[in-house]
Amino acid sequence: MLPAIWTGMYGDRSAPEALRALHACGWEHFELSTEHLQQIEEADQQARIREVLRTLDDLRVTMPQAHGHLPANVAHPDGFRREADIQLLLRHLGCCAALGVKWVVIHPGVGDGYTTPREMREIRELNVASFGRLADHAGSLGITIGIENTMDDRRRNRRAFGARPGELLDLLAELSHPAVGICFDTSHAKVQGLDCAAAIRQLAAHICCTHISDNEGSGDQHLTPGRGAINWPAVVAALRAIGYQGLFNLEIPGESEPLPSPEVLATRTRAALETARRLLNA
């Protein structure tokens with residue numbers, strides 16, 4: 001496993017500027033954040049892609065992972081809205097292929113949430129149809145989609161599809177597509193009340209990428225590992241036990257929101273790298 005970090009740590013800068021700032025703090029492997037992917041895709045796409053590729057080459061670093069459009073809901077009950085999100089994700093996949101990205105994280109469609117088995121089945125069927133299209137395109141581009149585990153909507157007391165490992169495994173079984181795996185998000189799992197290590201072992205070889213962050217279980221705080229209540233030695237041991245060899249990718253917006261001073265943010269960024277290295281070298 002290689003320690004990595006999302007470029008959204010410096011989300012107020014362009015992708016090349018974020019890469020340079022993170023590299024200055026010692027990082028060498030990255031996930032392109034959804035904000036930066038959106039910026040690249042929206043305007044002057046080819047020029048921006050060339051600039052990012054030059055930056056990666058200049059710094060001699062890698063960016064094999066990206067996060068597709070974060071608010072996309074491929075199981076939205078409104079067919080026009082659902083199709084618009086699918087089309088945007090298809091464009092994001094093409095952009096990621098041009099950037100040399102190999103794993104693209106996409107959230108499962110949660111629809112409007114569910115409270116009954118019938119509603120859950122309807123949402124799963126929409127996910128199967130939507131991800132079937134996305135996976136076909138991803139496969140043609142040499143990309144693997146990592147479907148990310150979610151969290152229930154506690155405010156509205158509605159369940160979210162993909163919050164339970166079994167739902168993700170059922171979805172993958174129905175898709176039966178080589179270009180689809182799972183992105184395991186430790187923070188989401190903790191808020192959901194899951195034992196992260198046990199969930200990792202249950203999902204096993206389906207895990208193709210990760211979002212690593214911590215919380216105390218009360219909310220999706222996305223903190224640096226060690227600042228919450230997750231058992232990190234157990235998480236790392238579980239990832240090693242299933243043979244995971246991808247990025248140990250820190251997605252830690254809790255360390256940059258609200259945005260601290262540049263000096264404090266750099267200090268937190270360097271400290272996060274040291275933490276990741278200690279966990280992986282233990």
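Start at Phe-248, which, leaving out residues up to four places away in sequence, touches Met-1, Leu-2, Pro-3, Ala-4, Thr-210, Ile-212, Trp-232, Val-236, Leu-239, Ala-276, Leu-279 and Leu-280; contact here means heavy atoms within 4.5 Å. Keep in mind that this is a predicted model, with local features needing pLDDT of at least 70 and side-chain atom pairs counting only at pLDDT 80 or more, while totals for chains, interfaces and linings use all residues. Residues are numbered from 1 along each chain as its sequence is written, and side-chain values use heavy atoms, with hydrogens and water left out.

Phe-248 also turns up in the largest nonpolar core, a set of 84 residues in which Trp-27, Leu-134 and Phe-248 touch the most other members. Such a core joins buried Ala, Val, Leu, Ile, Met, Phe, Trp, Tyr and Cys residues through side-chain atoms within 4.5 Å.

Now for Gln-38, which sits in helix α2, residues 34-42 (a DSSP run of H or I, at least four residues, numbered from the N terminus). Gln-38 counts as buried because its relative accessibility is 17%, and the cut-off is under 20% with a 1.4 Å probe, protein chains only. Beyond residues up to four places away in sequence, Gln-38 touches His-69, Leu-88 and His-92.

On to the open spaces. The largest pocket holds about 390 Å³, and among its 19 lining residues His-107, Val-110, Thr-150, Met-151 and Ala-160 are the closest to its centre. A pocket is an open set of points on a 1 Å grid over the protein atoms alone, where a 1.4 Å probe fits, with protein on both sides within 12 Å along at least five of seven lines; lining residues have an atom within 4 Å of a point. The volume is the space filled by probe spheres set on the points, which are joined across faces, edges and corners.

Technical notes
Helices (H or I, at least four residues) and strands (E, at least two) are DSSP runs, numbered from the N terminus. Buried means under 20% relative accessible area, exposed over 50%, partly exposed in between (1.4 Å probe, protein chains only).
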